[in-house]
Amino acid sequence: MSKALKNSLIFLALGISLLMHWEHLDKDLISIHAWRQTQTHATTLSFYEEDMNILRPRRDERGNGEGVFRMEFPLFQWLNALVLKVFGKDIVVTRGFEFLIGSGTRFAQG
């Protein structure tokens, strides 16, 4: 298969995927199975609203402390917060960024 045909098929698949997800891009995170996504989004919002220090990710459940929570290196959440700073705090911006990151992984696989 030629490289041009392969790239065309990838773009077609991404376009179809975007059309299939379009009506859901503005929906909030809901469901009993969305706990991990909401935790990631809460960390993103704490970067956006409080402090962009990537070494100090915060969570909502702070108790008596400052809420610094180091579960993983928060590069994804930090980049997402950076995108929110540029384009505005909207769930569509967040989901669009996540769609682009997910789509980009397809190209990284060759």
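Glu-49 and Lys-89 form a salt bridge in this predicted model, with their closest N and O atoms 2.6 Å apart. A salt bridge here is a side-chain nitrogen of Lys or Arg within 4 Å of a carboxyl oxygen of Asp or Glu. Glu-49 lies in helix α2 and Lys-89 in the loop between α3 and α4 (91–108), so the pair ties together parts that are 40 residues apart in sequence. Helices are DSSP runs (H or I, at least four residues), numbered from the N terminus. Glu-49 is partly exposed at 48% relative accessibility, and Lys-89 is partly exposed at 47%. Buried means under 20% relative accessible area, exposed over 50%, and partly exposed in between (1.4 Å probe, protein chains only).

The whole structure holds four salt bridges. One of them joins Glu-72 to Arg-36, with the closest N and O atoms 2.7 Å apart. Glu-72 lies in the loop between α2 and α3 (75–87) and Arg-36 in helix α2, so this pair links parts 36 residues apart in sequence. Another joins Asp-51 to Arg-58, at 4.0 Å between the closest N and O atoms. Arg-58 is buried, at 12% relative accessibility, whereas Asp-51 is partly exposed at 28%. Glu-50, Asp-51 and Arg-58 are linked in a salt-bridge network.

Residues are numbered from 1 along each chain as its sequence is written. The model is predicted: local features need pLDDT of at least 70, side-chain atom pairs count only at pLDDT 80 or more, totals for chains, interfaces and linings use all residues, and side-chain values use heavy atoms, with hydrogens and water left out.

Key: Helix = DSSP H or I, 4+ residues; strand = E, 2+ residues; numbered from the N terminus.
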